[in-house]
Amino acid sequence: MIDDTGLMNKVTTADWVRETIASWRHTILKGIKDPRGFIFKPKTYIKTLRDAYCIERMHRAFKRGLMEYGMVTATKKK
């Protein structure tokens with residue numbers, strides 16, 4: 001779609017799943033190792049558990065190829 005506008009130079013894309021997949025589970029582990037935000041805010045218990053579940057599901061989807069994470073780069077023509 002970017003190429004079709006004619007306003008940009010060469011458009012390149014990259015698959016960043018391999019570079020970012022470790023960060024999904026790492027986010028959950030950081031919450032377990034430093035639970036201050038979780039412990040001192042009881043109203044967020046359900047939200048925290050729901051978010052951890054969703055992050056784990058996203059990790060599995062990226063690993064199985066059901067989701068993709070990418071980068072699109074282009075420079076504007078003069």
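Here are legends for a few close-up views of this predicted model.

**View 1**
The chain averages a pLDDT of 84, and 95% of its residues get to 70 or more. Where pLDDT is low, the predicted coordinates should not be read in detail.

**View 1. W24 and F62, ring against ring.**
The chain's count of aromatic pairs comes to one. It is formed by W24 and F62, whose ring centres sit 5.3 Å apart with planes at 25°; planes under 30 degrees apart count as stacked, so this pair does too. W24 belongs to helix α2 and F62 to helix α4 (residues 45-64), so the pair ties together parts 38 residues apart in sequence. Are these two residues buried or exposed? W24 has a relative accessible area of 19%, and because buried means under 20%, it counts as buried. F62 is buried as well, at 6% relative accessibility.

**View 2. A nonpolar patch on the surface.**
Now for the outside of the model: W16, Y69 and M71 form a nonpolar patch on the surface. Together they have about 270 Å² of accessible area. Where does W16 sit? You'll find W16 in the loop between β1 (12-15) and α2 (17-33). Its relative accessibility is 34%, which falls between the 20% limit for buried and the 50% limit for exposed, so W16 counts as partly exposed.

**View 3. G31 of helix α2, and A52.**
Zoom in on helix α2 again, this time at G31. With 38% relative accessibility, G31 counts as partly exposed. What separation do the C-alpha atoms of G31 and A52 have? They are 9.0 Å apart, and the two residues lie 21 residues apart along the chain.

Note on methods
Residues numbered from 1 in each chain as written. Predicted model: local features only at pLDDT ≥ 70, side-chain atom pairs only at ≥ 80, totals over all residues. Heavy atoms only, no water. Patch = residues over 30% accessible without salt bridge, like charges linked within 9 Å, V, L, I, M, F, W, Y side chains within 5 Å. Areas by Shrake-Rupley, 256 points an atom, 1.4 Å probe, with all protein chains shown as cover. Salt bridge = Lys/Arg side-chain N within 4 Å of Asp/Glu carboxyl O. Helix = DSSP H or I, 4+ residues; strand = E, 2+ residues; numbered from the N terminus. Buried < 20%, exposed > 50% of the residue type's maximum accessible area, 1.4 Å probe, protein only. pLDDT = per-residue confidence, 0-100. Phe/Tyr/Trp six-rings, centres within 6.5 Å; stacked < 30°, edge-to-face > 60°.
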